[in-house]
Amino acid sequence: MRVLGIETSCDETAIAIYDTERGLLANQIHSQTEVHARFGGVVPELAARDHVRKLPILLRAALTEAQISRGEIDAIGYTQGPGLQGALMTGAAFAKGLSLALNCPALGVHHLEGHVLAPFLMQPRPTYPFLALLVSGGHTQLIGVERLGGYTLLGESIDDAVGEAFDKSAKLMGLGYPGGAALSALAQQGRTDAVHFTRPMVDRPGLDLSFSGLKTAVSLAVAHGYPHADVAASFEQAVIDTLVIKIKRALEQTGYTQLVLAGGVAANQPLRARLKILMEARGGTVFYPPPILCTDNAAMIALVAAMRLGQGERDATMGFEVFPRWPLSAMAVPN
Ligand code: KG4
Ligand code: ZN
């Protein structure tokens, strides 16, 4: 089965083609960074308008990359939520129109399920059950993944997401938006022990996290005149230490031996390296997709659609609805 995936939940327009036999055939991504940069954040209306402009162009590019014609698409998967309402609607409308034109089924996909299952696009693949650390611009969650559709939220950030803390800290240092990757690059030139940041919430039991205090501490350190590279390195280290402590706790609580690192911040190299060491020391395994499949993409959407379509799921009607707020725990597979 060949599935066309469509992703428009935020500021990346993406179209991918996933073949259940041959794997990923096309992975087209257009980032809107330039559209939003001068506003210091994503402007929802501009995001939606740009998706409308780019979707047909990306569709043609994806078909060319995969070297197939439209008629060879068997099904369509699109991001139905969570995300920006207007942005989600552009992708859903495009998917439904295409599904009608091509006379093939469509299925709405949960964006976070896409992130969590993205490692299944690669070899070797994880096996259920596993622990997933989802770290993106909007979410920071520890999730027990028991099977397709079997997700248990073990802990989450009670305030800022990790990506948000990276982006806000980067902004304080004048690194632009979204500044997560730029902050990490700057951190390479700094000392991780130059500024003392407390590791939030680690002295409390449980698996919840908090990152807004860290962001405030960064603004104080910048105001005190610490070199930005040192602040960046110390901040990144504090984030990683905190995540490692909670991951260890979650592994002990669940008894799981595999860890999946997912979401945009999973592209962070020091975090990847540290979690690899952690899991190897414990005799377990860490799985993370290449950075291009960690940040928003349509390959993960096509993959999840293929998994669920394979179990007989499809949208009940041609009409469409999107869910800007949508908990992952709502994603049970109907039986
Ligand atoms: O998953 P994603 O592409 O979009 C959301 O669904 O949120 O994640 C984007 C987030 C942004 O906050 C961005 O700054 C962060 O991922 N990010 C990074 C890195 N690359 C992207 N954060 C730290 N280090 C990186 N290398
Ligand atoms: Zn995302």
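Predicted model: local features only at pLDDT ≥ 70, side-chain atom pairs only at ≥ 80, totals over all residues.
Reader: Are His111 and His115 buried or exposed?
Author: Residues are numbered from 1 along each chain as its sequence is written, and chains are lettered from A and ligands numbered from 1 in the order in which they are written. Buried means under 20% relative accessible area, exposed over 50%, and partly exposed in between, with a 1.4 Å probe and protein chains only. By that scale, both His111 and His115 are buried.

Reader: About how far apart in helical turns are His111 and His115?
Author: Helices (H or I, at least four residues) and strands (E, at least two) are DSSP runs numbered from the N terminus. Both histidines sit in helix α4, 4 residues apart, so their separation is about one helical turn.

Reader: Which residues coordinate the zinc ion (ligand 2)?
Author: Donors are N, O and S atoms within 2.8 Å of the metal (3.2 Å for Na, K and Ca); water is not among the atoms, so sites may look incomplete. The donor spacing in sequence is H-x3-H-x180-D. At 2.1 to 2.2 Å, the coordinating atoms belong to His111 (NE2), His115 (NE2) and Asp296 (OD).

Reader: How far is an oxygen atom of ligand 1 from an N or O atom in the side chain of Asp167?
Author: Of the 18 residues around ligand 1 (a heavy atom within 4 Å of it), those that come nearest are Gly137, Asp167, Gly264, Asn268 and Asp296. A polar contact is a pair of N or O atoms within 3.5 Å; within protein, one must be able to donate a hydrogen and the other to accept it, and residues adjacent in sequence count only if both atoms are side-chain atoms. Backbone atoms of Gly137 at 2.8 Å and of Asp296 at 3.0 Å face oxygen atoms of the ligand. For the side chain of Asp167 the distance is 2.6 Å.

Reader: At what distance does the side chain of Ser157 reach the backbone oxygen of Asp160?
Author: Ser157 lies in the loop between β8 (150-156) and α5, and counts as buried at 12% relative accessibility. A polar atom of its side chain is 3.2 Å from the backbone nitrogen of Asp159. The backbone oxygen of Asp160 is reached at 2.5 Å.

Reader: What is the omega of the peptide bond from Tyr177 to Pro178?
Author: Pro178 is in the loop between α5 and α6. The bond from Tyr177 is cis, with omega near -10°.

Reader: What is the phi of Met201?
Author: Met201 lies in the loop between α6 and α7 (212-223) and is buried, with a relative accessible area of 11%. Although Met201 is not a glycine, its phi is positive, at about 65°.

Conventions. Heavy atoms only, no water.
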